[in-house]
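Reader: Could you take me through the charged side-chain pairs of this model, with the reasoning set out step by step?

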Amino acid sequence: DTSATAAIALTLDQNQNASFAGELKIANGEGIDFGLMADTATGETVTSSKLDDYEEGTFTPSIVDENGGTISYPLTGTSVTGVYTKVGRLVHVDMRISWTDKPGSPSGNVRITGLPVATNSTTGFRTSAAIGYIQGLDFADNDEQLVIKNNAGDSHLECFFLCDDTTTPDQVKFGSISTSGEWQLSLTYQT
């Protein structure tokens with residue numbers, strides 16, 4: 001029917017600027033290619049110049065005893081929250097975990113589980129979380145700072161105390177967790 005008006009989905013102006021009448025959809029497995037060009041001035045090695053993934057979502061973090069015990073928390077909408085954004089290989093997560101009860105008396109090391117995507121599995125790869133707020137953790141007299149980190153390929157975080165009397169950090173034991181508390185932290189890492 002030649003009398004029907006066709007919708008224009010893509011318009012290029014005289015300066016080659018593109019305008020879209022809707023969403024730009026890219027086929028699965030494809031991406032935006034910025035050209036594989038090494039920056040010889042800085043000597044860097046470029047392995048990819050294609051942006052091929054973007055997602056946003058939620059996840060459910062938990063503080064657990066590595067021996068299997070889990071902190072009991074009320075399952076209300078604001079007690080456990082985790083949100084993330086993934087752009088290419090970079091993932092950013094924000095999480096808040098609060099609890100009102102600790103089961104039994106577990107004695108293993110504290111872990112935070114539930115990351116939406118495992119970290120880069122390259123040997124030696126590590127990243128640390130930025131701690132925004134911690135309530136419900138008992139520090140010993142020589143404990144100076146809490147560090148939360150993960151190792152290559154992990155989908156959980158490990159917790160350590162940096163101590164003033166040793167160069168080796170101590171893993172946080174589940175016994176250091178109070179009966180109630182709240183932790184808020186952020187983490188940016190590569191897959």
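Reader: How many salt bridges does the count come to?

Author: The model is predicted, and a pair is counted when a side-chain nitrogen of Lys or Arg lies within 4 Å of a carboxyl oxygen of Asp or Glu. By this rule the number of salt bridges is 4.

Reader: Which residue meets Lys86 in a salt bridge, and how many residues apart are the two?

Author: The side chain of Lys86 meets that of Asp53, with 2.5 Å from N to O. Lys86 belongs to strand 7 (residues 80-87), while Asp53 sits in the loop between strand 4 (50-51) and strand 5 (54-58), so that the pair links distant parts of the chain.

Reader: In the salt bridge of Arg96 and Glu182, which residue counts as buried?

Author: These two side chains meet at 3.1 Å, N to O, and they join strand 8 (residues 90-99), which holds Arg96, to strand 15 (residues 177-190), which holds Glu182. Buried means under 20% relative accessible area, and Arg96, at 24%, counts as partly exposed. At 15% relative accessibility, the residue that counts as buried is Glu182.

Reader: Is Lys149, which forms a salt bridge with Glu158, buried or exposed?

Author: The closest N and O atoms of Glu158 and Lys149 are 3.9 Å apart, and both residues belong to a network of salt bridges that also includes Arg111. Glu158 has a relative accessible area of 11% and is buried. Because the cut-off for this class is under 20%, Lys149, at 16% relative accessibility, counts as buried.

Key. Residues numbered from 1 in each chain as written. Predicted model: local features only at pLDDT ≥ 70, side-chain atom pairs only at ≥ 80, totals over all residues. Heavy atoms only, no water. Helix = DSSP H or I, 4+ residues; strand = E, 2+ residues; numbered from the N terminus. Buried < 20%, exposed > 50% of the residue type's maximum accessible area, 1.4 Å probe, protein only.
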